[in-house]
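Me: I have a model open and want to go through its contacts. Can you take me through them?

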Amino acid sequence: MIEARNITRTYRTRGAFTGERVVQALRGVDFTLPRGGAVSFIGESGCGKTTLGKILTGLETFDGGELVVDGVELSTVPQRRRASYFRRIQMIHQDPYSALNPTRTVDQILGDPLRMRARQTGDRAAGVVDRAAELLELVGLEPDGVLPKYPHQLSGGQRQRVVIARALTVDPEVLIADEAVSMIDVSMRLGILGLLRDLRTRLGISLLFITHDVATARYVGDGGELHVIYRGEVIERGPTDTVIQSPVHPYTQCLLSAVPVMRGLEEPGPDRLVPLAALDERTRTPGCLFAPRCPFADERCTAEHPVLGRTGGVEQEHACFHPVPRRVVAVETV
Amino acid sequence: MTDTVQLTAERAEAAAEVSVRDLTVLYRTDQGELPAVAHADIDLPTGTITGLVGESGSGKSTLALSLMNAIPAPGRISSGSIQVNGVGDVTRLEGRALRRVRGRALGYVFQASQNSLNPLKTVGKQLLDLGRAHDVQDMRGLVRRARELADEMGMDGARVLDSYQHELSGGMRQRVGIVLALVLNARVLILDEPTTALDMLSQAAVLEIVRKVHRQEGLTTLVVTHDMGVVSEIADRLAVMYGGRIVEDGPATEVLQRPAHPYTRALIGATARITGDTDTARALPGRPPDLTTVPRTGCVFRERCPLAMDVCAETEPQLLTWAPDRRRACHADPATTAATGEGA
């Protein structure tokens, strides 16, 4: 469905006094998102995961690599015809409060893209009303109650469902969920995650799930892959459960150690790990990018750059010279 | 774990740093004055971290703000008392006396404290403003204390004071908020959603710091959050709010292991966790009520409750002690609420 090969993106800014500042947001990311599949990208703020989502939806350009959608390499497609490819990839934004126009009713919010889509496909616009109701039912809302309402009359969870329904108006094949549940009340999060999982199984929609909250990545359904991204580079990837249960890269281990422990129901993992320092995206090094924060870094790590691969008899791919599985994730006690 | 529980129980019997009794906060709406907090009774035992959990609109932030007697119009505290150790009843204070208490007795770290710093002034200048507003004589001492606190939280104190807020990361701004809340030696620290908008690593760091400062400074701490994971990570005691009522409280691990209110049970079941079966977890049905949609009679949770009975529509359950150091407001048998299965 989507194949990304070695995508890079570098931002250069020039301040009047500070000189040129270069931020490598993505340093060669590749992945394959199959039809109906799910790939999650996790990492802390500033790791490039949002840039990746923007590139895939055509909201941001990339300076190196290839993006293949439905078997077509996008750089071979003229600019004006790319829209039809990006139509298949829709974004669900983080903040359902600002993603909807407050002056328009749900009816209007869904109606416009539906009419546009009807013109494209040559369908009659008369079907628009039925289709809007159908989509709302699909996302678990009651059409008659919701259609005449303005966004402020809905709860956060309901608003996010409207955002998802709007993304579905143009018949997408891929949904990109960038922190889609982090602004929503904890009690409503599983409902949204369950809906995304449903869309995968019922409509065969592929899901690219971007988040800093590793626990939510477990809820997007079977066959999911987890990619851990650090400073624009994937440093560990594999089946979601494998990476969570036996992570081998110290950065992944730090991320997993940071997940709150439900004391009384869970016990902290015995090998919990904390990074040595805060993220500084300006440091340049020929070695491992994580080495300055890594408790286990040695001379080789600061001198040589590890590449993603399967070494050390580990099931998942990783970019670490010293891959050691550690028990960092909380353990259930009841 | 038994030790902790016992310790907490002993502390609860000891003096409470803050005692809230029968607190009702009303907000004026076009449907008349409606309660955002109704008849709340809660103690913050000296030296403990209490977590106050609930969905948006449950009244948890209103309750936290009323501890400072800082309810903004059109809201007001209509009845009840809030006794703070060494201060007296905060609800009776006003003007100068009230301003003194805010900061010197009670430190408050606001929701999105990332955005509550003045973008035009360095943190140090804001610290001096704070000192002047509180008639601090020894400004040097104030600065020394701020640097000390900042160092304690793993920051370079001098650098932080010279920084503007945009030069600090989200996690660091949160820490600065805590420094400013404690610099006047407040004994009670109130944190409203301290980790919202932070990523996992910063969240873990901030929680660790709250734990450390709490212990080193011998504070009494209240953490207000909607995230069950956050409170269960750091709180000794847990209070759950719904529709303006405290519906359950007790020692944190006990409440998590044996929730006695169907709402608490559902909230735990709805939390995305790193362990356990993902299929048994489910979101709460329905939506959280707001001021105008809270049921006026009977139990506030009954419309979303899997155990609702006839009596729930007629009589509002009182928050009563049902086991040592455990209270709940529910008509159902405690055995039933504990046995309804995961995520019911």
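Predicted model: local features only at pLDDT ≥ 70, side-chain atom pairs only at ≥ 80, totals over all residues.

Me: Start with the chains. How many residues of chain B are in contact with chain A?

Reply: 39 residues of chain B are in contact, and they meet 43 residues of chain A.

Me: And what area do chain B and chain A bury between them?

Reply: About 3500 Å², with 60% of it on carbon and sulfur atoms. On the chain B side, the residues that lose the most area to chain A are Met200(B), Leu201(B) and Ile274(B), which together make up 24% of what that side buries.

Me: How many salt bridges across that interface?

Reply: The rule finds four between chain B and chain A. One of the pairs with a salt bridge is Arg263(A) with Glu233(B), whose closest N and O atoms are 3.3 Å apart.

Me: Which helices of chain B supply at least two residues to the side that touches chain A?

Reply: Helix H8 (200–216), helix H9 (228–234), helix H10 (252–257) and helix H11 (262–269) each do. By class, that side of chain B has 16 nonpolar, 14 polar and nine charged residues.

Me: Switching to chain B by itself. What does the domain assignment give?

Reply: Domain 1 is 2–105 + 186–338, and domain 2 is 116–182. The C-alpha centres of these two domains of chain B lie 29 Å apart.

Me: How many residues are in contact there, domain 1 to domain 2?

Reply: 21 residues of domain 1 of chain B are in contact with 14 of domain 2. The area buried between these domains is about 1400 Å², and carbon and sulfur atoms give 58% of it. In domain 1, Arg104(B), Ile209(B) and Glu217(B) lose the most area to domain 2, together 30% of what that side buries.

Me: What does Glu217(B) form a salt bridge with?

Reply: Arg145(B), with the closest N and O atoms 2.8 Å apart. The count between the two domains of chain B is two salt bridges, along with six residue pairs in polar contact, both residues at pLDDT 80 or more.

Me: Which element gives the most to the domain 1 side?

Reply: H8(B), with eight residues of the side that touches domain 2 of chain B. Helix H3 (95–104) and strand E7 (188–192) of chain B also each supply at least two. That side divides into eleven nonpolar, three polar and seven charged residues.

Key
Residues numbered from 1 in each chain as written. Chains lettered and ligands numbered in written order. Heavy atoms only, no water. Contact = heavy atoms within 4.5 Å. Buried area = accessible area lost by both parts, 1.4 Å probe. Salt bridge = Lys/Arg side-chain N within 4 Å of Asp/Glu carboxyl O. Helix = DSSP H or I, 4+ residues; strand = E, 2+ residues; numbered from the N terminus. Nonpolar A, V, L, I, M, F, W, Y, C, P; charged D, E, K, R; others polar. Domains from an automatic or database assignment. Polar contact = N/O pair within 3.5 Å; in protein donor to acceptor, adjacent residues only side chain to side chain.
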